[in-house]
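Open your viewer and keep the sequence panel beside it. This tour tells you what to select next and what is there.

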Amino acid sequence: TWRQMNSLEHPDFSSTTRGIDVTTCYGVHFDPFDRRLMAISYTDIGLMHSRDGGKSWRHSLAGVPRDWINTCYWLVFDPEVKGRVWSIWAYSHDLPRFKMFRNCYFESSPGGICRSDDGMETWRADTEGMPARCSPVHIVLDPGSPAGNRTLYVAVMGGGVSKSHDDGRTWQPVNRGLSANLNAWRLALLPDGTLYLLLFSGYRDGKTIDGQIFKSGDGAENWREITMPEDANAPCDLQFDPSDPMRMYLACWPRSGVDAGPRGGLFRTEDGGESWKRIRASDVYAYAVAVHPDKPSTVFYASFDGSVSRSDDRGETWRRLAGYDFKWGHRPIVDPDDGEMLYVTTFGSSVWHGPAQ
């Protein structure tokens, strides 16, 4: 007889780690009303949530359509309505890894958007207007929209952007001005309402589709392309400086496969993306960036070279953080309860937590 050894199972059906996690995750999410209520969005095991500050975890899948639950890519809490959360799901996992573009399976895989009104205990699908088969990978909420009638935006890999005006009950595509590349991967919403969209690079018919960046000043009704940094191709993350939103940081991957070669790294703009400065080398697989909310001159980024790096001068100089050494880092997240601590999501080693110094 056998029993599993990767985690500890408790009588109340919660689990805690034994330290040999081999899971892939995208974000660590915190309830604005109760920091002890946390969630981790995962590949392969869906969504996990904790009500004791991360000491123990439970699946959060009740009500999610069965053929969606492989991957939860992201979620967002309503900042004014306690218990209200939107999450996005897809059967197609591991995006935006280049291997997932070999047959563009994500374009025909089931997926969609769910909403919870009880703090992630149960979910219901809200997909009117969304295609039956899609792979949504990011969602943002406009905090300036009225509670109970929120405006939400979803990035759909292979499908561009969809928008809801009514708390996520109905959706419509908003792709006017976009190119043939609809590999929408990441959205960034600035305080003034300006939206940025990262379109990831990929393959089709054996050829590379270049990544692009688009911008909208009218709630995604119209998009215009902004220039990618020179010698960059696969934009993966965009974060703005809260003290000056025109200052932003762009993480990119190098090319891979058919047209292999560098074209990744990390870039900074001081003018909203009209011009860019390289602040990390072109062969760096920079996955994501975090700007410290209390010290915006401090910036972190995670990469696929087994390191997380920190800069205290807006990216002019960097140093590697000790203690973290897993090869495939995803997203650094400043601990909202302790700004001297950092969470790091990974491709294959769950979540790490440690000092930000």
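## Stop one: a proline in a loop

Select P143 and show what surrounds it. Leaving aside residues up to four places away in sequence, P143 touches E80, R150 and L189. This is a predicted model, so treat each stop as part of a prediction. Now colour the strands. P143 sits in the loop that links strand 11 (136-141) to strand 12 (152-156).

Is P143 buried or exposed? Its relative accessible area is 54%. The cut-off for exposed is over 50%, so P143 counts as exposed.

P143 and N233 are 90 residues apart along the chain. Draw a distance between their C-alpha atoms: the separation is 31 Å.

## Stop two: the whole protein

Zoom out and show the cartoon. How many helices and how many strands does the protein have? The count is zero helices and 31 strands. The radius of gyration is 19 Å, close to the 21 Å that the globule rule gives for 357 residues, so the protein is as compact as a globular protein of that length.

Turn the model along its principal axes. The C-alpha atoms fill a box of roughly 55 × 45 × 40 Å. The accessible surface comes to about 14700 Å². Carbon and sulfur atoms account for 51% of that surface.

Now hide the surface and look inside. Of the 357 residues, 57% are buried. Contacts tell another part of the story. Take those with a separation of 6 or more: 49% of them join residues 24 or more positions apart.

Start with strand 25 and strand 26. They pair in the antiparallel sense over five bridges. Click A286: opposite it, in strand 26, stands S303.

Move on to strand 26 (residues 299-303) and strand 27 (residues 308-311). Their antiparallel pairing runs over four bridges. Click Y301 and look across to strand 27, where S309 stands opposite.

V299, Y301 and S303 point one way. F300 and A302 point the other way. Is strand 26 mostly covered or uncovered? Mostly covered: five of its five residues are buried.

## Stop four: the cysteines

Select the cysteines and show their sulfur atoms. How many disulfides are there? The count is zero.

Centre on C25. C25 is in no disulfide, and the nearest cysteine sulfur, that of C72, is 11 Å away. C25 is buried, with a relative accessible area of 0%.

Finish at C134. C134 is in no disulfide either. Its nearest cysteine sulfur belongs to C114, 11 Å away. The relative accessibility of C134 is 3%. The cut-off for buried is under 20%, so C134 counts as buried.

Technical notes: Residues are numbered from 1 along each chain as its sequence is written. This is a predicted model: local features need pLDDT of at least 70, side-chain atom pairs count only at pLDDT 80 or more; totals for chains, interfaces and linings use all residues. Side-chain values use heavy atoms; hydrogens and water are left out. Two strands pair if DSSP finds at least two bridges between them. Helices (H or I, at least four residues) and strands (E, at least two) are DSSP runs, numbered from the N terminus. A disulfide is a pair of cysteine sulfur atoms within 2.5 Å. Buried means under 20% relative accessible area, exposed over 50%, partly exposed in between (1.4 Å probe, protein chains only). Contact means heavy atoms within 4.5 Å. The radius of gyration is taken over C-alpha atoms; the globule rule is 2.2 Å times the number of residues to the power 0.38. Accessible areas come from the Shrake-Rupley method with a 1.4 Å probe; for residues, only the protein chains shown count as cover.
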